[in-house]
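Subject: Structure handover

Hi,

Here is the structure for you to look over. My notes follow below it.

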Amino acid sequence: MDRVGYLIANDRKVCSQPVCYFSFFTLSFSNRFSVLSYYHFFRLIIRFFAPGVSFFLLLLLSLKGFCQPGAELGVIVGGGYYLGEYNPSDHFSGMQGYLGGFYRYNLNDRFAFRLNAGFSKIDVKDVRLLDNAGEEYAKDFHCSVQDFNGVVEFNFRSFLVRKTNRSSWWSPYIFAGAGILIAEDKSRANIPMGLGIKFNLFGQMSCGIEWSARKTFTDDLDKLSDIWKTGETNFIYNKDWFFVTGITISYRFRKEPPCYQF
């Protein structure tokens, strides 16, 4: 018997023992379990971040087109909260962190177009809720929120970054548009609207503070809809709201690139 045949024979002899089959089964099960665990983990990550990542990839891929003289890139940091069955009217209650980015294109010193993308969550704890029949609903509600929208801004004062002799160093502004709010893996159309005030900082930098609302077209953002059986269909009072308040910081691309001499 040559050496190769001897090794094959011995390998078969050893693997015929029960312990070898048990070890093989355990290893296979562990490997499959690990693969499934990683698969579900990455699936969850992709499912949550895909919209936001896609948005910013589009920005990066077309950065040359976005980096126009009237364009700005910025971030907004603040808080988000909702109004609905669990919180009918208490503004700023249960506020959670909000982090987002935006692209703004200034049409002139008064009007600008803005694209926004942000992330937050709704976290309701220990709220007792009864319907007309005395049925008690869940006291807690938690979900992540992904916020995407496009709005048109109007400055009440002439505002440019950087400041010119004709423009003001600050201005109040309002905005409104259309957007999508994703919560509990369900997309909901909404109308974003808000107000704020912006300031020139230095050079190409500006900052601001704003408060805005997302008026949804649904009453099930919190998985509850008309629990008091009123049959109310009023657009204002029987639809859930999501609010965002925060501080913005942005950079405006130069009108003319600096020329360096060597």
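From the N terminus on, the chain runs α-α-α-β-β-β-β-β-β-β-β. That comes to 3 helices and 8 strands. Keep in mind that this is a predicted model.

Phe 148 has Ile 180 in strand 5 as its bridge partner.

Now one residue in detail. Arg 214 sits in strand 7 (residues 205–216). Is Arg 214 buried or exposed? Its relative accessibility is 4%, so Arg 214 counts as buried; the cut-off for buried is under 20%. The side chain of Arg 214 makes a polar contact of 2.7 Å with the side chain of Asp 147. Beyond its neighbours within four places in sequence, Arg 214 is in contact with several other residues, including Tyr 98, Asn 149, Asn 190, Asp 240 and Trp 241. Ile 191, Pro 192, Phe 242 and Val 244 are among its contacts too.

Whole-chain numbers:

- Of the 262 residues, 38% are buried.
- Among contacts with a separation of 6 or more, 64% are between residues 24 or more positions apart.
- The chain exposes about 16,300 Å², and carbon and sulfur atoms supply 65% of that area.

Best regards

Technical notes
Residues numbered from 1 in each chain as written. Predicted model: local features only at pLDDT ≥ 70, side-chain atom pairs only at ≥ 80, totals over all residues. Heavy atoms only, no water. Helix = DSSP H or I, 4+ residues; strand = E, 2+ residues; numbered from the N terminus. Buried < 20%, exposed > 50% of the residue type's maximum accessible area, 1.4 Å probe, protein only. Polar contact = N/O pair within 3.5 Å; in protein donor to acceptor, adjacent residues only side chain to side chain. Contact = heavy atoms within 4.5 Å. Pairing = 2+ DSSP bridges. Areas by Shrake-Rupley, 256 points an atom, 1.4 Å probe, with all protein chains shown as cover.
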